[in-house]
Amino acid sequence: MLVGVLMTAAAYAMNPILLAWSSQQDRMELQRGLQHGLEKALRDLRPATALQTDADDAVRYTLWESGVSNSYILYLYHSSDSWPPAYNQTGYQLRKASLTGGIGGTFTYGAGDLLVRDIKPPPDSDLSVSGSVAVVDLTLVRADETFRLLERVKRRN
Amino acid sequence: MGEKGSVLLMTLTLTILLVSLAGGFLYATGVFIQNSGWEETDAQLFWLAEAGMQKGIWNLKTPSGSGGQGESWTTAGTTESLGDGSYTMVVEVWDFALSANGSTASDSPAQSGSSVGPAMAVDGDDSTYWESSGKPKNNAPQDLIIAFPYPLTVNKVRFLAPSSSTRPRDYTWAVSSDGSSYTTVVTGSNNNSTDRTDTFSAQSGVTYLRLQTTEDGQNNPKTVRIATLEAIGSRITSTGTITAGGDAYTRTVRGTVVTDDASPQSQVAYKEPDWLEL
């Protein structure tokens with residue numbers, strides 16, 4: 001009888017520990033995923049020859065690639081939203097898409113490489129440009145876990 | 001089970017719980033410390049590489065008499081320590097006009113023979129050459145034109161003629177941003193050299209570089225020939241290194257620069273728009 005009570009108490013006490021472990025695991029995965037995606041974005045923004053903010057919380061930039069000037073946009077995408085986004089959904093994706101017609105050109109909303117998932121929309125997250133500095137401020141949320149990374153990167157070209 | 005047995009069992013259970021709890025926190029803390037360590041090392045590596053880039057630029061624009069190395073400096077690898085790590089600078093002479101670096105060449109009037117076409121002047125091979133379509137004269141100049149892949153700053157150019165008789169004797173170097181309106185930056189008269197480097201005040205926003213010849217070496221052959229045409233700068237490759245736990249971690253950045261170390265007043269470095277991380 002006593003053994004049964006003790007085992008139940010032990011299991012009850014172990015539960016929050018296991019939940020805490022699981023939570024830490026989620027946070028680590030969240031952190032790794034965010035850092036990985038952010039690093040991809042930053043490695044693009046650093047060698048940019050031009051940066052331009054977009055009124056819809058996006059960053060447009062131009063790269064010299066093998067003697068050719070190509071322009072891209074970093075933007076937040078959700079399948080239930082449209083361009084320009086209303087940002088009324090949860091769990092946006094950070095995407096990188098090619099621009100047609102230079103840095104002020106057009107792109108297909110939803111196109112491009114997926115860099116990071118589960119991003120909270122603005123104002124919790126922010127993609128903007130101030131002079132030659134791009135600001136990438138992303139808040140991720142998955143289940144009950146939230147993680148925020150903010151990077152400012154100055155273009156080198 | 002007696003009273004002593006129950007106490008022992010409770011003690012064991014509590015011990016297991018506490019050890020599990022402590023183990024969980026240690027594990028989580030360890031992972032976070034490791035992640036933070038990686039982030040810090042990654043940032044340190046990047047800025048070490050950037051420091052090497054800046055030091056390389058400073059060396060190029062500062063004459064050796066003033067502590068630098070001067071604008072003609074090259075190195076296969078110079079390493080200096082900084083903070084927790086080091087950076088290694090590799091500095092090479094860089095020819096912006098080279099076709100392998102994205103430039104293209106054309107001529108006017110156009111040469112019809114492809115084996116002596118304008119591309120031969122920027123192919124990196126001194127044994128091939130461009131030959132003008134006719135004899136250069138004041139009223140019939142022969143132009144060799146380079147189109148760069150992006151606007152850059154130019155202050156030093158060079159041509160190499162395969163022989164004295166085909167060298168540009170009277171010539172001009174000119175630069176342009178649009179390929180139609182040119183600014184003359186060098187005028188050469190009675191040149192006797194087949195391998196000539198000219199320097200001039202730095203011109204920015206240069207997309208086109210033109211070598212215009214109005215008189216060649218002599219009347220036979222009645223053409224001007226250019227084996228190599230160069231717009232000269234330097235390329236710096238800098239690698240930041242940190243050694244931890246017996247392993248070396250690195251990040252490498254690269255960029256080109258045009259420098260002038262002529263005098264303290266004009267020590268300038270123009271970074272070209274091709275910085276990249278390797």
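Start where the two chains meet: select chain A and chain B together, and the contact takes in 20 residues from chain B and 20 residues from chain A. Two residues are in contact here if their C-beta atoms, placed from the backbone, lie within 7 Å. On the side of chain B that touches chain A, the elements that give two or more residues are helix H1 (3-61), strand S5 (142-160) and strand S13 (276-277) of chain B. Helices (H or I, at least four residues) and strands (E, at least two) are DSSP runs, numbered from the N terminus. Colour H1(B) next: H1(B) gives the most to this side, with 11 residues. By type, the residues of the side of chain B that touches chain A divide into 12 nonpolar, six polar and two charged. Ala, Val, Leu, Ile, Met, Phe, Trp, Tyr, Cys and Pro count as nonpolar, Asp, Glu, Lys and Arg as charged, and the others, Gly among them, as polar.

A word on what you are viewing: this is a predicted model, in which local features need pLDDT of at least 70 and side-chain atom pairs count only at pLDDT 80 or more, while totals for chains, interfaces and linings use all residues. Residues are numbered from 1 along each chain as its sequence is written, and chains are lettered from A and ligands numbered from 1 in the order in which they are written.

Now for some backbone details. Most residues other than glycine have a negative phi, and most peptide bonds are trans.

In chain A, go to the loop between strand S3 (68-77) and strand S4 (92-98), where you will find Pro84(A). The peptide bond from Trp83(A) to Pro84(A) is cis, with omega near 0°. Tyr87(A) is in the loop between S3 and S4 of chain A too, and has a positive phi of about 55° although it is not a glycine. Tyr87(A) is partly exposed, with 18 other C-beta atoms within 10 Å.

Select Asp57(A) next, in the loop between strand S1 (50-54) and strand S2 (58-65) of chain A. The phi of Asp57(A) is positive, near 55°. Asp57(A) is buried, with 21 other C-beta atoms within 10 Å. A residue is buried if 20 or more other C-beta atoms lie within 10 Å of its own, exposed if 12 or fewer, and partly exposed in between, with C-beta atoms placed from the backbone.

Finish in chain B, in the loop between strand S3 (104-108) and strand S4 (130-131), which holds Pro109(B). The peptide bond from Ser108(B) to Pro109(B) is cis, with omega near -10°.
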